[in-house]
Amino acid sequence: MDISKTRTSFYRRLYVAWLIDSGTASNVPELMSVTGMPRRTAQDTLNALGELDIDCAFEQAEGERNNAGRYRIRDWGPIDPRWVAGHLPQIKALLGYP
């Protein structure tokens, strides 16, 4: 099956949003660890969530410096997170994630 770059990009964004919202991975190093994606891909994916109207914000850890903190999904916009959760095995398989 030939998978388009548009589809993989869309699913990668949904998966990253789910990882953040579920608390599985809430910062770039954790996203890299869970998915195996390079740092730049993780950062670009986080920055692109807004293109889907997913409101993702970085919350600086109190008393910490140098971007220590976590990301939080404040609003999924038009995306139904229950759909994402229900299709995780297919999304992960399409992206080649464990």
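**A ring pair and its surroundings**

Author: Happy to! From the N terminus on, the elements of the protein chain run α-α-α-β-β-α-α, which makes five helices and two strands. Please keep in mind that this is a predicted model.

Strand β1 covers residues 55–60 and holds Phe58, while strand β2 covers residues 69–75 and holds Tyr71. A pair of aromatic rings is described by the distance of the centres and the angle of the planes. For Phe58 and Tyr71, the centres are 5.0 Å apart and the planes stand at 65°. Since edge-to-face calls for an angle over 60 degrees, this pair counts as edge-to-face. The two residues lie in separate strands, so their pairing ties together parts that are 13 residues apart in sequence. Phe58 is partly exposed, because its relative accessible area is 32%.

Tyr71 has another partner to show you. Ser26, in the loop between α1 (5–22) and α2 (28–35), touches both Tyr71 and Arg70, leaving aside residues up to four places away in sequence. Ser26 has a relative accessible area of 13%, so it is buried.

Now a step back to the other rings. The count of aromatic pairs comes to five, and Phe10, Tyr11 and Trp83 form one aromatic cluster. Across the protein chain, 34% of the 98 residues count as buried. Among contacts with a separation of 6 or more, 50% join residues 24 or more positions apart.

Conventions:
Residues are numbered from 1 along each chain as its sequence is written. This is a predicted model: local features need pLDDT of at least 70, side-chain atom pairs count only at pLDDT 80 or more; totals for chains, interfaces and linings use all residues. Side-chain values use heavy atoms; hydrogens and water are left out. Helices (H or I, at least four residues) and strands (E, at least two) are DSSP runs, numbered from the N terminus. Buried means under 20% relative accessible area, exposed over 50%, partly exposed in between (1.4 Å probe, protein chains only). Contact means heavy atoms within 4.5 Å. Rings of Phe, Tyr and Trp (its six-membered ring) pair if their centres lie within 6.5 Å; planes under 30 degrees apart count as stacked, over 60 as edge-to-face and the rest as tilted.
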